[in-house]
Amino acid sequence: MILRDSLYTIRQRTTDGKAVRFDIVLNAEHAIFRAHFPGEPVTPGVCILQMAKELLEEELHGCYEIQSVKNVKFLAVISPVETPLVTFTIGKMAHDESDQTVKAQLTVEGDGKPMAKISFTLKKKD
């Protein structure tokens, strides 16, 4: 399921040569938030992973699938009401052309606070 332009929209992409940042805006009216949880919307962890994958695909200009997840730490609840603007930062990316994989490390922040840390490997789709 593609979440871009329904659960979230990209507000801005910036880079400083070391990292790439995507400022995204969460759509608090999305059906996912009505179910998770009614009256107290929380972004599901699987959606945070999917958004990270989609933002990496945006940066890499290709289609990828998650091959493995090395580490995921959810440090704070991401509420689309309390924190509608969230920043995903791609801090490290390593390409392996031999098996068409990309290892990436991302951090997720809202209101200047760390919300999640993700390390995973994506494989290019044929």
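How do the residues lining the second largest pocket divide into nonpolar, polar and charged? In this predicted model, which numbers residues from 1 along each chain as its sequence is written, local features need pLDDT of at least 70, side-chain atom pairs count only at pLDDT 80 or more, and totals for chains, interfaces and linings use all residues. Side-chain values use heavy atoms, with hydrogens and water left out.

The lining in question divides into four nonpolar, four polar and three charged residues; Ala, Val, Leu, Ile, Met, Phe, Trp, Tyr, Cys and Pro count as nonpolar, Asp, Glu, Lys and Arg as charged, and the others, Gly among them, as polar. Among the lining residues are Lys70, Met93, Gln105 and Phe120. Strands S3 (64-74), S4, S5 (101-110) and S6 (113-124) each supply at least two of the lining residues, strands being DSSP runs (E, at least two residues) and helices likewise (H or I, at least four), numbered from the N terminus.

Turning to the largest pocket, helix H2 (residues 45-60) gives the largest share of its lining, five residues. By class, this lining holds four nonpolar, two polar and six charged residues, including Arg4, Lys53 and Glu57.

As for the strands, S1 (residues 8-15) and S2 (residues 20-26) pair in the antiparallel sense over seven bridges, where pairing requires at least two DSSP bridges between two strands. Thr14 stands opposite Arg21 in S2. The two strands form a hairpin with four residues between them, and Gly17 in the turn has a positive phi of about 90 degrees. S2 also pairs with S4 (residues 85-96), again antiparallel, over six bridges, with Asp23 opposite Thr87 in S4.

Definitions and conventions:
Buried < 20%, exposed > 50% of the residue type's maximum accessible area, 1.4 Å probe, protein only. 1 Å grid on protein atoms, 1.4 Å probe; cavity = no way out; pocket = protein on both sides within 12 Å on 5 of 7 lines; lining within 4 Å.
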